[in-house]
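Open the structure in your viewer and keep the selection panel at hand. The stops below say what to select and what is there.

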Amino acid sequence: MFILLKYAKKYRKQIILGPFFKLLEAVFELFLPIFMAHLIDNGIAKNYLAYIIDTSLQMLAMSMIGLFCVIICQYFSSIASQGFGTQLRKELMKKINTFSYTELDYFGTATLITRMTGDINQIQLALAMFIRLVIRAPFLCIGSLIMAFYIQPKMALIFLLVLPFFCLILYLIMQKTIPLYQKVQKKIDTFNQSIRENLSGVRIIRAFAGKKKEEEKIDRLSDELAKAYTRVANISALLNPLTTWIMYIAIIGLLYFSGLQVDFGNMQQGEVLALINYMTQMLLALIVVANLVVIFTRASASAGRINEVFNSSSSITEPKPDEASLSCFQSPNKLDVRHVDFRYTKDSGLALSDIHFSIPYHTTLGIIGPTGSGKSTLVQLIPRFYDVTDGAIAIDGTDVREILLDKLRQRIAIVP
């Protein structure tokens, strides 16, 4: 995924300043429970009105500054993530437009559409969450634990006791859901491909009375996708109730043991409230970290799919300009197809075998044959949408592979 961040160079300022402002907000949020504890213990308990007003104003000021920092971070996050996604789509589209039909057949239109939309959206989301939460969540988690030890070290042991159970639940759920998310993405590709084939081949499907068969196929693929989504959603849905259950058990434990400390005079009521707030902050931050791991894992899988496109190169190579390639169309005489063989992939059989003919200038040739006999394939070899496997195609004696592509295709018209 980090390889793709080169397309976010224009947004370095937002990517750096966004987390900084979010960190400031987290600092203010971390100090609010302490101020609340002082407000209760030194102000409300002693009916000290001036202290209550002064502390309340300080808390209000910190909240307003924190809100301002959040707004700036969200603004920077939106600019950076959306701009990054826009640039990535542009570059991916440029890359796809360099592909020959061979690469388009290899990837498939459905998966290229999914990579252009869903996968890039997933990476956009990951960058936005990185700016907003990747520093804030761990900072709050560690900071809450430190503040708990600062208030009452004995009570902070409850934090350490809860932490392993909490992390275990997060680990088990992530271990189950991450592979399932990858399977869902593949099923989306398959479903999109089937929909596209039905839309583009609707006339053929009707002509051969295949409507019912295709409907059953779409129903089956849709059911498989729904089941895959439901399975991963059901497992992911366990995260919130399980973590909330542990959080409330920890809060009950805090209330019980800290209540005893208050009775013994070792703690004050405000400190109990502060500890509960820090417990909530720590566990909610851990939930955010778990969600971030899931988002980044899905984004990593999406980034791999996008990098696969970027790392692919066209099988149609551009020749170097020379006199032959520049002058072959000055007075074209004929088209020669010389013992051409063609297969779509190395492992597939021959789609064309030993095709050999010559068409003089100002001559019309009609090619007839049943569906799948290679008529369209032969025509697509002339402008080099595909390259011949063996043999050659020449215009006015010059092999089309020696002619500049723009010069070649400017002189050829195809009506599908």
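Start by selecting Tyr-101, which counts as partly exposed because its relative accessibility is 30%; buried means under 20% relative accessible area, exposed over 50%, and partly exposed in between, with a 1.4 Å probe and protein chains only. This is a predicted model, in which local features need pLDDT of at least 70 and side-chain atom pairs count only at pLDDT 80 or more, while totals for chains, interfaces and linings use all residues. Residues are numbered from 1 along each chain as its sequence is written, and side-chain values use heavy atoms, with hydrogens and water left out.

Tyr-101 lies in helix H3, residues 101-107. Helices are DSSP runs (H or I, at least four residues), numbered from the N terminus. Show what surrounds Tyr-101: apart from neighbours within four places in sequence, Tyr-101 is in contact with Gln-380, Phe-385 and Tyr-386. Contact means heavy atoms within 4.5 Å.

Next, select Arg-115 in helix H4, residues 109-133. Is Arg-115 buried or exposed? Arg-115 counts as buried, because its relative accessibility is 7%. Leaving out residues within four places in sequence, its contacts include Leu-92, Phe-107, Arg-305 and Glu-308.

Move to Glu-25 in helix H1, residues 12-44. With 11% relative accessibility, Glu-25 counts as buried. Which residues does Glu-25 touch, not counting those up to four places away in sequence? They are Gly-66, Cys-69, Val-70 and Arg-136. With Arg-136, Glu-25 forms a salt bridge in which the closest N and O atoms are 2.9 Å apart. This pair links distant parts of the chain, since Glu-25 is in helix H1 and Arg-136 is in helix H5 (residues 136-151), 111 residues apart. A salt bridge here is a side-chain nitrogen of Lys or Arg within 4 Å of a carboxyl oxygen of Asp or Glu. Both partners, Glu-25 and Arg-136, are buried.

The structure holds 11 salt bridges. For another, select Arg-220 and Glu-224, whose side chains meet at 3.4 Å, N to O. The two are 4 residues apart in helix H8, so about one helical turn separates them. Arg-220 is partly exposed at 43%, and Glu-224 is partly exposed at 32%. Then select Arg-338 and Asp-336, a salt bridge with its closest N and O atoms 3.8 Å apart. Arg-338 counts as partly exposed at 33% relative accessibility, whereas Asp-336 is buried at 9%.

Select Leu-49, Ile-53, Leu-57, Leu-60, Met-64, Leu-67 and Ile-71, which make a nonpolar patch of about 700 Å². Of these, Leu-60 is in helix H2, residues 49-97, and is partly exposed at 48%.

Now select Lys-176, Lys-183, Lys-186, Lys-187 and Arg-231, which form a positive patch. Helix H6 (residues 153-200) gives the most to this patch, with 4 residues. Last, select Glu-215, Glu-216, Asp-219 and Asp-223, which form a negative patch. Asp-223 is in helix H8, residues 211-237, and is partly exposed at 46%.

Note on methods
Patch = residues over 30% accessible without salt bridge, like charges linked within 9 Å, V, L, I, M, F, W, Y side chains within 5 Å. Areas by Shrake-Rupley, 256 points an atom, 1.4 Å probe, with all protein chains shown as cover. Lys, Arg positive; Asp, Glu negative; His and termini not counted. Charge placed at Lys NZ, Arg CZ, Asp CG, Glu CD.
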